[in-house]
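Hi,

As promised, here is the structure for you to open, with some notes on what turned up in it.

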Amino acid sequence: MRYAVLGAAGQLGRDLCPRLEGEVVALGRTSSPAVDLSRPESLRALFDEARPDVVVNCAAYNFVDKAESEPEAAFAVNAWGVRELARLCAERDCLLVHFSTDYVFGLDAARRTPWSESDAPGPVSVYGLSKLAGEYLVRALCPRHLVLRTCGLYGVWGSGGKGGNFVETMLRLAGQGKPLRVVNDQTCTPSYTVDVAEASIALMNTGQTGLYHLTNSGSCTWHELARTIFELSGLSVDLAPIPSCEYPVPARRPTYSVLDLAGLHEAGIAVPRPWREALTAYLQERLRKT
Ligand SMILES: NC(=O)c1ccc[n+]([C@@H]2O[C@H](COP(=O)([O-])OP(=O)(O)OC[C@H]3O[C@@H](n4cnc5c(N)ncnc54)[C@H](OP(=O)(O)O)[C@@H]3O)[C@@H](O)[C@H]2O)c1
């Protein structure tokens with residue numbers, strides 16, 4: 001099996017590539033061939049040179065706040081580039097594995113139960129809307145697809161584009177000794193890229209196609225996550241919960257975006273471990289790597 005992985009240098013891509021069994025062509029904007037989703041004409045080379053059986057798209061325009069002021073850039077990568085990728089995969093009969101986000105939800109602000117794949121999405125940000133457009137284009141144009149919605153990713157490589165991840169940001173800020181205020185009214189499921197990568201591969205290996213939710217299990221707020229990071233790291237930090245209105249940012253976030261994992265379970269895939277266990281494993285792994 002030959003895999004072409006876009007966004008191979010991102011935090012998910014870096015944990016996914018070494019776990020794929022078969023030949024893996026790791027692609028990015030500076031690889032050879034260079035693949036840039038904002039230049040759809042660059043995508044054909046991927047198929048001509050890498051000749052993949054499976055294309056895995058871990059690449060995205062991920063700047064949630066910046067997307068509010070540059071929607072064209074977000075849509076160029078997350079929707080129009082993905083549209084061309086989906087068309088080419090369909091033309092070459094490749095399986096397209098495409099990652100999406102819990103931020104396709106949020107419009108129903110009263111929701112407090114996990115979202116299933118059959119629930120109607122409703123994003124509240126340009127980023128969420130651009131990712132939802134990408135999902136629909138994959139599902140409409142490429143019959144052999146897996147669209148995998150995940151959430152709150154952290155991996156030891158850190159998000160290339162955003163520089164680090166939430167866990168690293170909290171540990172860095174804690175090191176500065178200042179009081180920390182973290183929002184306590186947004187609930188989701190922080191997910192370790194190793195677990196997301198492994199469950200994605202297990203799902204690919206079943207031969208199933210369609211839309212799936214794929215995160216660690218359980219849920220927490222960002223404040224609960226921060227508290228747990230410090231607790232597991234043995235750090236005493238002056239940490240207080242705040243409502244989102246006290247931390248103004250350009251993009252709205254969903255109040256509750258926990259994803260139901262029943263679809264994954266029904267596909268015969270072990271539901272990834274609880275987020276706290278995964279976080280413990282991450283904290284151990286980052287110590288081993290440094
Ligand atoms: N991070 C999260 O919390 C989160 C949550 C839910 C869903 N997701 C989704 O999960 C997937 C993986 O996210 P991640 O956190 O691993 O992202 P990441 O670490 O920020 O990596 C994103 C990758 O996308 C590539 N990229 C950006 N613009 C590109 C373009 N125009 N053409 C080609 N490649 C481009 C970057 O390549 P360069 O190395 O060239 O910059 C980078 O390797 C994405 O689909 C994301 O939307 C992420």
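Let's start with the ligand: α1 (11–16) and β4 (95–101) each supply at least two residues of the shell around it. (Helices are DSSP runs of H or I with at least four residues, strands are runs of E with at least two, and both are numbered from the N terminus.) The biggest share comes from α1, with 3 residues. The ligand has 31 residues around it, and G7, G10, L12, A59 and A60 come nearest; a residue counts as near if its C-beta atom, placed from the backbone, lies within 6 Å. By class, the shell holds 13 nonpolar, 13 polar and 5 charged residues. Here Ala, Val, Leu, Ile, Met, Phe, Trp, Tyr, Cys and Pro are nonpolar, Asp, Glu, Lys and Arg charged, and the others, Gly among them, polar.

Please keep in mind that this is a predicted model, in which local features need pLDDT of at least 70, side-chain atom pairs count only at pLDDT 80 or more, and totals for chains, interfaces and linings use all residues. Numbering runs from 1 along each chain as its sequence is written.

Next, helix α2 (residues 43–50) has L43, L46 and A50 as its buried residues, meaning that 20 or more other C-beta atoms, placed from the backbone, lie within 10 Å of their own. These residues lie on the same side of α2, because they cover an arc of only 55° around the axis, taken from the directions from the helix axis to the C-beta atoms. After α2 comes R51, with a positive phi near 40°.

Best wishes

How values were computed: A residue is buried if 20 or more other C-beta atoms lie within 10 Å of its own, exposed if 12 or fewer, and partly exposed in between; C-beta atoms are placed from the backbone.
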